[in-house]
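The sequence and the structure are shown first.

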Amino acid sequence: QSYIDTVSALHLARLTGVWSQPKNVEDARAMRERLRRSEALALQISQLRQQLAKATQMQKRVELNLVLQQLNKEKNQVEAN
């Protein structure tokens, strides 16, 4: 399990720029959850950008941009904490 935690810490360090080895099981669980959440948000952002590229109506583009901004903000918060 410690190897998995170390690899997870490495992936999270790539996102955040800060290396942090989990000190206990709860820290490791929280770290993995942050990593999962960040990856899920990155996937949603990618899909939204694809939709935005295909959108032709201005109103739809505005709506997608607002959602995209919110997801980027949330992703940055997840990675910063």
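## Salt bridges

The model discussed here is predicted. Four salt bridges are present in the structure. Side chains of opposite charge can pair when their charged atoms come close.

A salt bridge joins the side chains of D5 and R32, with an N to O distance of 2.7 Å. Because D5 belongs to helix α1 and R32 to helix α2, the pair ties together parts that are 27 residues apart in sequence. Both partners are buried.

The relative accessibility of D5 is 11%, so the residue counts as buried, the limit for that class being under 20%. Leaving aside residues up to four places away in sequence, D5 touches P22, A28, M31 and R32.

The class of partly exposed residues lies between the limits of under 20% for buried and over 50% for exposed.

When residues up to four places away in sequence are not counted, E74 touches R37 and L41. For S46, 28 residues from E74 along the chain, the C-alpha separation from E74 is 14 Å.

## The pair K75 and E79

K75 forms a salt bridge with E79, and their closest N and O atoms are 2.6 Å apart. Both residues lie in helix α3, four residues apart, which is about one turn of the helix. K75 and E79 are each buried.

The C-alpha atoms of E39 and K75 are separated by 8.8 Å, although the two residues are 36 residues apart along the chain. With a relative accessibility of 47%, E39 counts as partly exposed.

## Helix α2

How does the span of α2 agree with its number of residues? At 1.5 Å a residue, the 30 residues of α2 should span 44 Å, and the end C-alpha atoms are 44 Å apart, so the two values agree. At the N-terminal end, N24 caps α2: a side-chain oxygen of N24 lies 3.1 Å from the backbone nitrogen of E26.

## Helix α3

Helix α3 runs from residue 58 to residue 80 and has 23 residues. From the first C-alpha to the last, α3 reaches 33 Å, close to the 33 Å expected at 1.5 Å a residue.

Which residues of α3 are buried? They are L64, L68, L71, K75, V78 and E79. These buried residues pack against α1 (2-16) and α2 (25-54). The list contains K75 and E79, the two partners of the salt bridge within the helix. E74, also in helix α3, is partly exposed, with a relative accessible area of 24%.

## Nonpolar surface patch

M58, V62 and L66 form a nonpolar patch on the surface, and together they have about 310 Å² of accessible area. L66 has its place in helix α3. The relative accessible area of L66 is 54%, so this residue is exposed, the threshold for that class being over 50%.

Definitions and conventions. Residues are numbered from 1 along each chain as its sequence is written. This is a predicted model: local features need pLDDT of at least 70, side-chain atom pairs count only at pLDDT 80 or more; totals for chains, interfaces and linings use all residues. Side-chain values use heavy atoms; hydrogens and water are left out. Helices (H or I, at least four residues) and strands (E, at least two) are DSSP runs, numbered from the N terminus. The expected span of a helix is 1.5 Å times one less than its number of residues. Buried means under 20% relative accessible area, exposed over 50%, partly exposed in between (1.4 Å probe, protein chains only). Contact means heavy atoms within 4.5 Å. A polar contact is a pair of N or O atoms within 3.5 Å; within protein, one must be able to donate a hydrogen and the other to accept it, and residues adjacent in sequence count only if both atoms are side-chain atoms. Patches are made of residues with over 30% relative accessible area and no salt bridge: like charges are joined within 9 Å, nonpolar side chains (Val, Leu, Ile, Met, Phe, Trp, Tyr) within 5 Å. Accessible areas come from the Shrake-Rupley method with a 1.4 Å probe; for residues, only the protein chains shown count as cover.
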